[in-house]
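Me: Hey, can you walk me through this protein? I'd like to start with the surface.

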Amino acid sequence: MTALTLSTAAAPGLRADAIVVGVAAGAKGPVVAPGAEAVDKAYDGKLASVLETLGAGGGEGEVTKLPAPSGFKAPLVLAVGLGAEPENPENGAAYGTEALRRAAGVAARALAGSKKAAFALPVGDAEDAGAVAEGALLGAYSFDAYKEMTAKDAAAKKGKAPLAEVAVLGGKPRDKAYKAEIERAVAVAEELNRARDLVNTPPNDLNPEAFAAVATAAAKEHGIKVQVLDEKALTKGGYGGILGVGAGSEAPPRLVKLSYTSSKAKKHLAFVGKGITYDSGGISLKPAGHNETMKCDMAGAAAVFAAVVAAARLGLEVNVTGWLALAENMPSGSATRPGDVLRMYSGKTVEVLNTDAEGRLVLADAIAKASEENPDAIVDVATLTGAMMLALGNRTFGVMANDDAFRTAIHEAAEEVGEPSWPMPLPADLRKGMDSATADIANMGERMGGGLVAGLFLKEFVGEGITWAHLDIAGPAFHEGAPFGYTPKGGTGTAVRTLVRLAELTAAGDLG
Ligand code: BES
Ligand code: MN
Ligand code: ZN
């Protein structure tokens, strides 16, 4: 894990492998961003023109490395692009938190293999310092637990170890607000990175039981109450949805309940995560080309887990219950068949027409169970439908809800933390497509609007009068392209920061 400090040291005397400065795209070429004054001075005030000579323009994602000026302890200056220069660059906090987060992430990734880097980016206030810290910690992430190396490769790998130490310059280490923002950034980034680890862990090592064990250990460490329902308890409790999805697997399902409580809480949030540790499709088997990344189908549960632990670490004054609905969706002689009817935890019956529409089945049971505690709101997070990816692409999650104001609040909270999302409707006319001749409802409906159909299915299992929202993260949960900003290849940890923000807003009384 990368270590992080706030430092007031002056750039020339800093013992580090690199000093990171910001360069923005100005109207007439690259401009050096505030925070890098000492570095610029050491280049006789010519850093912008030096960078221009080297081909830098200040665009987002751009990295330019140059030797540090003489007299500097650090050997390297890394200029990272911040994108367009803001209108009033001299105003504090003019650059915006997401631009800082992304630039810090790009720099941290480019510095893999280095031990220590000092970030001299334009920090205008405490929130900016937190954004730089968060971006650097998220950008420094790498998943190499499964890379077995020969001795020679190990030496080569050494050159790629994640940046070990980050110093954020330009802040006020003794100031309460700065301290709080840094502490927040560290807790959120560490737990988010843990969610990424869970998503990236191959499904032969992360089955429902293993996931439950990880959650149990973390809960104990952070004073969170944990309860794990195994297959026996699930049978006794009548969790037909979770059991039906897990029926085909050698690895039985689990329902994990994580309860974080604060003595000062006035509100209670329930987060519910889809935790399909592998989605083969079941008897309605996915064709080759559609199952290679299906270890990511527990990303919702990973996000919920991370958010509850982060809330506990930050001591938020709100009660947060996390529900992880864990199962492996496999075909076998004991698997649920298309045509089977499941009796769900709520008592409703569901005709399973397609065993690949399994997420809604495990979520339905967990949402119904979560409803019994009558929380102020339920938010479920799920890699639920390919249709949502067709609608919104690979970087944006869909937000559906039974309450317009709540849906808007979630979209805005996501925006604030740098997670792209978009509000989606739940058109009532799509409900009749799920009418079943045999049961109360079928697990599939019309193909058109498939993401909304799934949302309408879940809505049926939300307790009377409870505010509920559904985040379909199928697009952004797993990143298959080249890394960008602070987003690596593989598990992204999407929705963690939105959930944490929701908990903070609820604690502050600014939500619901
Ligand atoms: N886990 C998938 C959705 C998914 C697809 C997530 C691609 C991430 C990437 C889900 O369980 C699924 O298979 N959904 C089906 C539903 C259909 C059978 C109604 C889908 O979207 O095709
Ligand atoms: Mn599926
Ligand atoms: Zn699935």
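This is a predicted model: local features need pLDDT of at least 70, side-chain atom pairs count only at pLDDT 80 or more; totals for chains, interfaces and linings use all residues.

Me: What's the radius of gyration, and what would a compact globule have?
Reply: The protein has 24 Å. A compact globule with 512 residues would be near 24 Å, so the two agree. Along its principal axes, the C-alpha trace spans about 80 × 55 × 45 Å.

Me: How many helices and strands are there?
Reply: There are 15 helices and 20 strands.

Me: Ok, contacts. Of those with a separation of 6 or more, what part comes from residues 24 or more positions apart?
Reply: 77% of them.

Me: Switching to charges: how far apart are the mean positions of the positive and negative ones?
Reply: They are 5 Å apart, counting 50 positive and 61 negative charges.

Me: Let's zoom in on a strand. Is β11 largely enclosed or left open?
Reply: Largely enclosed by the rest of the structure, because 10 of its 11 residues are buried. β11 covers residues 319-329.

Me: Which way does β9 run relative to β11?
Reply: Antiparallel, with 7 bridges joining the two. β9 is residues 254-260, and its Tyr 260 stands opposite Val 320 in β11.

Me: And how does β10 pair with β11, parallel or antiparallel?
Reply: Parallel, over 11 bridges. β10 takes in residues 268-279, and Gly 273 stands opposite Leu 324 in β11.

Me: What about the sheet with β13 in it, what's the strand order?
Reply: It goes β12-β13-β17, an open sheet of 3 strands with mixed pairing. β12 (341-343) and β17 (441-442) are at the edges with a single partner strand each, so one side of each has no neighbour in the sheet.

Me: How many bridges link β13 and β17?
Reply: 2 bridges, in the parallel sense. Val 350 stands opposite Ile 441 in β17.

Me: Last one: where does Glu 358 sit?
Reply: Glu 358 is in the loop between β13 (349-351) and α11 (359-371).

Me: Is Glu 358 buried or exposed?
Reply: Buried: its relative accessible area is 1%, and the cut-off for buried is under 20%.

Me: What is Glu 358 in contact with, leaving aside its neighbours within four places in sequence?
Reply: Val 245, Lys 274, Ile 276, Asp 279, Asp 297 and Asn 329. Of these, Lys 274, Ile 276 and Asp 279 fall within β10, and Asn 329 belongs to β11.

Definitions and conventions. Residues are numbered from 1 along each chain as its sequence is written. Chains are lettered from A and ligands numbered from 1 in the order in which they are written. Side-chain values use heavy atoms; hydrogens and water are left out. Helices (H or I, at least four residues) and strands (E, at least two) are DSSP runs, numbered from the N terminus. The radius of gyration is taken over C-alpha atoms; the globule rule is 2.2 Å times the number of residues to the power 0.38. Contact means heavy atoms within 4.5 Å. Lys and Arg count as positive and Asp and Glu as negative; His and the chain ends are not counted. The place of a charge is taken as NZ of Lys, CZ of Arg, CG of Asp or CD of Glu. Buried means under 20% relative accessible area, exposed over 50%, partly exposed in between (1.4 Å probe, protein chains only). Two strands pair if DSSP finds at least two bridges between them.
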